[in-house]
Amino acid sequence: MKIRILIAGVILLGGATVVLAFNAFHKKTNPPDREKLIVSMVGLILKRAHYHPKPIDDAFSKEVFYKYLNQLDPQKNIFLQSDIDELKTFEYRIDDEINTNEPLDFFKMANAIFDKRVAEVAQYYPEILAHPFNFHEQDSIVLDSEHQQYPATEKDRREAWYKFLKYKTLDRLVELQSIEEKNKKDSANYVPRPDSVLEAQARADVKKNMDLFFERIKKTYTENERFSWFVNAITTTMDPHTEYMPPEDQRYFNEQMSGTFYGIGAVLQQEDGKIKIASIVTGGPAWKQGELKVGDIILKVAEGDSTPVDLTGYSVEDAVKLIRGDKNTTVKLTVKQTDGTIKTIAIQRGEVRIDATFAKSYLIDWDGHRWGIINLPEFYAPFNNGMGGESWKDMQKEVNKLKAAHVDGIIIDLRFNGGGSLSDAINIAGLFVPAGPVVQVRSGDGNIQVLKSHNNQVDYSGPLSVMVNEYSASASEIFAAAMQDYKRAVIVGSPSTYGKGTVQRMIDLDDFYAGNTSDLGGHLGSLKITIQKFYRINGGSTQLKGVSSDIQLPDNYFGVGERTDSDAMKWDQIAPANYTTWSQPPDIAFLKALSEKRLDTSRIFHLINQNIAYLKQMDEVKTYPLNIDAYKAWQKQNQQALKRMDEVNKMTPAIDIHYLPVDESYINADSTRKMIYRDLMRSYTHDPYLLETLHVMNDMLHEPALKQAPKLTKSN
């Protein structure tokens, strides 16, 4: 099983002002080629403004070459080896296309060949899926592209597609057989369908999915989309977090970072290849308009009176980009309602808050004490033209509500928090430590700034812990590192956080073109570029290494983090800042010894360790059986592992967690908001990591008495 990682939310951190003086693009000449202009701009900005620019040379060109081809054909089942050989004439020429006036011949030729090959392979699947497969042959398929070669001939490519479609059909067939078995158990009168009928249905289901896949390629793998991929093959070769954003992606990015946008106020989901309305935000534009209903299928989207866009094959994210827009503009949705009626609904866009993004707090009654927990999904700020909340102000409100509820300690949950606003991370740190240094930032010229909080009045001085995992990144790591360096809080979680210790700034490419961008087809987009690195106040960088937890718990996530990317910047350190640690620090060594003793005898964490070992073993699997008996045996192993994971939750004693009384009317006023708060609360109810954090908090609270207890030894 190949675990694919999606880091939830890209990271933008404020930093020093970038001053660029480019004259190359300020000459008023005839409108240049848009794509060539953007690549030339990006190349020049990378060389002049990046924190640690790599030379854009032949080695750089070679990496961009293979990155882009892998983006176009990640499974190596579209291009032929002869195509790669033909394109290899550009392997060491892309740097020249970036640095000089040479045209973008590689990009254009790769696209032309790709379009031709997609048209060819699109003919394979209907023919292959028209005939039954023999699942009793001893055969297998390699699904890891790193262990595959491009097919040498068209025959080899067709054979690769045959195996791929056979694998997809086998997976669906086994699923259908499982459903039949369940129906038979549930009803004595149920007559199972024969395997031949199930196999035919499985092929039909796979064909339907492939129809949508190729429709998506046609609809969304546009030249503009592929051009963005090509530019990002260039930018991410400089470092993983430098990224080109076309205008629509920049808007979406700003919306995600701010937690607020202009849209219709509806939650979308994809079901059987269709975009459906999952819920409608109470008080939002769609709710006020009144015609759109839960369960409606969105067929088309139109901007005002423009030609509607058919959403067949679109992902939810792509559909969202079409539906959102500017304030008070109108979007028209052609929908199929649950009774089969097709109608067009016009909705005026308005401001919508993404409640899932914002800080939320709960009360926990456990072991005779009352604890508070604050979940912060990201360090949001009003990036979107001043819209959106400020996470530090929201965190301050949540802290004050918990203080008013007389909690004995506060837990801050930063698991899966991918970062966000640097200034908000600094201000949040200031809620828990006196005014002083929080993080150091170094620019490419070696200049170092010590960034400080200025909150002279600490908002909360009681017991504090911070929960992290390997997906806690960037601003999360700044905050966790500051709490650790000040000895203010206990960091509980994965052995290490993500390790993203770089600072990005958004640069608008329009600022470097003196002509009229409308002559080029509109705005040129933006470059999110790495301009600085940040360092802990103790002098160490969080880059690559991340933050090591004080109380380390086994984690199901592995093979993630900055350290897995060969283009990631390296770890280093600078001189420490001048700071004073917390006057009553927790005894980390003592708390760690108590935690390790619990973990040694914990059936729950013993089971978690077994699951981790199995997941690591499965991650090494590259070859999958195409024989139905072998496949079922392999799948049975997976199901047993999943059962073990379910057992972890069942074994974890229920945690008594509930809303703050002051929040109940706010939560219950909106059905979507209520669902978000409820689902998060439920996820905490049987969370073994939260349970161990509560134990640590309890140990912290009773530390003096526990230290007097005899025979406290670290368990071996």
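Visitor: Which residue is the bridge partner of Val468 in β17?
Guide: Gly493 is the partner of Val468 there. This is a predicted model, where local features need pLDDT of at least 70, side-chain atom pairs count only at pLDDT 80 or more, and totals for chains, interfaces and linings use all residues. Residues are numbered from 1 along each chain as its sequence is written, and side-chain values use heavy atoms, with hydrogens and water left out.

Visitor: How many bridges join β16 to β17?
Guide: Four, between residues 464–468 of β16 and residues 490–493 of β17, and these strands run parallel. Strands here are DSSP runs (E, at least two residues), numbered from the N terminus, and two of them pair if DSSP finds at least two bridges between them.

Visitor: What's the strand order in the open sheet of seven?
Guide: The order is β20-β17-β16-β13-β12-β11-β22, with mixed pairing. β20 (551–552) and β22 (656–658) stand at the edges with a single partner strand each, so one side of each has no neighbour in the sheet.

Visitor: New topic: do β14 and β15 pair parallel or antiparallel?
Guide: Antiparallel, over six bridges, with β14 at residues 436–443 and β15 at residues 448–453. Pro437 stands opposite Lys452 in β15. Four residues lie between the strands of this hairpin, and Gly446 takes a positive phi near 95 degrees.

Visitor: What pLDDT does the protein chain average?
Guide: The average is 88, and 92% of the residues score at least 70; pLDDT is the predictor's confidence in each residue, from 0 to 100.
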